[in-house]
Amino acid sequence: MKQSSAICIAGGGSTYTPGIVLMLLDNLDRFPISRITLYDNNEERQAKLAKACAIMMKEKAPDIVFNWTSDPQTAFTGIDFVMAHIRVGLYEMREKDEKIPLKYGVVGQETCGPGGIAYGMRSIGPVIEIADYMEKYSPNAWLLNYSNPASIVAEATRRLRPGKHIINICDMPVALETMMAAALSERTGKTYTRKDFEVRYYGLNHFGWWTDIHTKDGKDVMPILKDYIKENGFATNAKDFQHKDASWKETYQKAKDIYALDPTTIPSTYLKYYLFPDEVVAHSNPAYTRANEVMEGREKEVFGIAERIIAKGTAKEDTFAVGVHASFIVDLACAIRYNTKERMLLIVENNGAIANLDDTAMVEIPCLVGSSGAEALTVGKIPSFQLGLINEQLYVEKLVVEAWIEGSYGKLWQALTLSKTVPSASVAKKILDELMEANKEYWPTLS
Ligand SMILES: NC(=O)c1ccc[n+]([C@@H]2O[C@H](COP(=O)([O-])OP(=O)(O)OC[C@H]3O[C@@H](n4cnc5c(N)ncnc54)[C@H](O)[C@@H]3O)[C@@H](O)[C@H]2O)c1
Ligand SMILES: O=P(O)(O)OC[C@H]1O[C@H](O[C@H]2[C@H](O)[C@@H](O)[C@@H](O)O[C@@H]2CO)[C@H](O)[C@@H](O)[C@@H]1O
Ligand SMILES: [Mn+2]
């Protein structure tokens with residue numbers, strides 16, 4: 001009989017929390033659980049989702065303990081996994097991250113460019129705080145962290161809490177692999193899922209490339225996928241894609257232009273912000289960005305479903321969306337708990353895996369996952385185009401973490417200046433000064 005796990009979901013008020021709870025409930029046969037505790041520092045926001053989840057839990061799994069709290073000791077005691085997805089400053093600050101750079105003609109994005117840097121400066125302290133709560137109350141537990149910007153957060157955890165049970169993750173590669181499975185199904189008439197693939201991929205988070213995709217029965221499907229992406233990007237007829245917001249559809253489609261730059265690989269969609277920043281800015285509306293779209297879309301929808309469940313006292317008529325975001329983190333917890341050695345793309349310290357890159361880089365690469373964590377697979381040397389791009393972005397991320405640790409204005413200015421999305425040091429300074437003012441409640445004091 002499998003030993004069950006106790007889970008703390010940090011960022012209990014996240015729009016992704018109900019999906020993770022549902023996914024946990026759908027996987028009890030392979031990943032039994034004894035308790036789910038939601039933790040958030042915003043009691044009011046969390047309670048709205050928690051009350052709906054409690055109804056769902058009572059109907060689907062009455063034997064599992066379910067509670068929610070803003071008290072760290074209650075949340076982090078006696079747990080096996082912390083699944084973290086906090087957004088420091090909520091969508092209100094995301095909106096500023098996106099709109100301030102746009103004022104200066106620069107990409108305004110959640111995790112890329114100046115917006116991502118600002119978000120990183122907000123996330124580092126609170127993610128480290130969560131790691132420390134876990135260390136204090138459940139020292140053997142694992143922190144599986146989705147909180148963005150994952151690259152900067154990963155570098156911060158490497159610098160500030162080395163050797164701890166922390167794995168930083170992203171759902172973008174699995175989301176794209178899901179689209180590639182749909183594309184392959186469309187092209188071959190046979191049904192594939194992402195779990196049929198064995199992939200080779202390397203990069204930083206939101207900054208990577210697939211170099212090989214075989215099906216598990218040994219068929220090289222890169223030629224079919226490349227041919228598809230060359231024409232359509234990652235756009236498919238799959239329900240997952242058709243239900244995406246217009247801005248995401250555009251991003252998925254744009255992958256065909258990124259692909260054209262290096263037809264030997266399949267790129268991550270996020271590279272568009274670095275390789276086509278002028279087009280991105282030209283297509284952006286500085287008065288209405290993705291944060292607005294999410295506040296009017298996903299946030300309203302998730303909290304609306306929760307309100308309906310609470311009002312009716314049952315979750316039998318309304319259900320939350322569950323997707324790869326939830327399945328990926330549950331797969332990861334399962335692999336650690338039961339030593340499955342599942343192959344997954346995770347953000348880990350390079351340590352020679354990419355032979356011609358800084359050993360201390362936090363890279364996104366294939367790993368085998370078991371009870372001692374992630375074991376990275378060797379990538380080897382990467383080509384000049386990718387190496388040049390990665391190095392530039394890598395040291396942007398390292399400079400952000402150094403700036404946070406040292407309270408250094410100069411290093412943060414260098415980080416913005418080095419970013420491929422920013423045209424000059426003077427533009428970098430203007431954006432930095434405005435971001436610093438907007439973030440004074442969240443960033444350390446810089447001098
Ligand atoms: N890595 C990935 O691929 C990936 C994918 C999806 C979402 N995310 C990230 O997941 C997070 C949640 O996204 P969302 O859109 O659902 O945001 P959200 O604003 O709906 O939820 C975030 C929650 O975190 C809480 N929070 C903020 N600071 C906290 C702290 N110090 N301690 C405890 N709780 C805190 C907020 O109160 C809020 O309830 C974001 O960081 C987002 O970028 C990452
Ligand atoms: O703009 P948002 O808040 O909708 O999404 C930002 C996140 O986008 C990527 O993730 C996923 C998303 O989480 C998932 O639910 C699905 O809809 O697909 C997206 C990608 O297609 C990204 O990996 C995250 O880091 C971002 O936070
Ligand atoms: Mn991501």
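D171 is placed in the loop between β6 and α7, where helices (H or I, at least four residues) and strands (E, at least two) are DSSP runs numbered from the N terminus. The model is predicted, and local features need pLDDT of at least 70, side-chain atom pairs count only at pLDDT 80 or more, and totals for chains, interfaces and linings use all residues. Residues are numbered from 1 along each chain as its sequence is written, chains are lettered from A and ligands numbered from 1 in the order in which they are written, and side-chain values use heavy atoms, with hydrogens and water left out.

**Annotated active site**

- UniProt, in an unreviewed entry, lists D171 and Y270 under "active site"; UniProt positions are given in the numbering used here, feature names are shortened, and annotations may be inferred rather than shown by experiment.
- Although these two residues are spread over 100 residues of sequence, they cluster in space, with a largest C-alpha distance of 12.5 Å.
- Leaving out residues up to four places away in sequence, D171 touches Y146, V324 and H325, contact meaning heavy atoms within 4.5 Å.
- Y270 is found in the loop between β9 (266-267) and α11 (272-275), and it counts as buried at 5% relative accessibility, where buried means under 20% relative accessible area, exposed over 50% and partly exposed in between (1.4 Å probe, protein chains only).
- Beyond residues up to four places away in sequence, Y270 touches Q109, T111, C112, M172, H206 and W248.

- C170 lies in the loop between β6 (166-168) and α7 (172-188), and H206 in the loop between β7 (197-204) and β8 (207-215), so the pair ties together parts that are 36 residues apart in sequence.
- Both C170 and H206 are buried.

**Annotated binding site**

- The feature "binding site" is placed by UniProt, again in an unreviewed entry, at R94, N148 and R290.
- R94, in helix α4 (residues 90-103), counts as buried at 6% relative accessibility.
- N148 sits in the loop between β5 (142-145) and α6 (150-160) and counts as buried at 17% relative accessibility.

**Aromatic pairs and charges over rings**

- The structure holds 15 aromatic pairs, where rings of Phe, Tyr and Trp (its six-membered ring) pair if their centres lie within 6.5 Å, and planes under 30 degrees apart count as stacked, over 60 as edge-to-face and the rest as tilted.
- Y39 and F76 form an edge-to-face pair, at 5.1 Å centre to centre and with 70° between the planes; this pair links distant parts of the chain, with Y39 in strand β2 (residues 33-39) and F76 in helix α3 (residues 72-76), 37 residues apart.
- Y39 is buried, with a relative accessible area of 7%, and F76 is buried, with a relative accessible area of 0%.
- F76 also forms a tilted pair with Y133, at 5.5 Å centre to centre and with 40° between the planes, which links helix α3 to helix α5 (residues 113-137) across 57 residues.
- Ring pairs link F234, F241, W248, Y252, Y270 and Y273 into a cluster.
- K2 lies over the face of Y338, at 4.5 Å from the ring centre, and K429 lies over the face of W413, at 5.7 Å from the ring centre; a charge sits over a ring if NZ of Lys or CZ of Arg is within 6 Å of the ring centre and within 35 degrees of the ring normal.

**Antiparallel sheet**

- Three strands form an open sheet in the order β7-β8-β9 with antiparallel pairing, and two strands pair if DSSP finds at least two bridges between them.
- The edge strands are β7 and β9, each of which pairs on one side only.
- β7 and β8 pair in the antiparallel sense over eight bridges, and G203 stands opposite G208 in β8.
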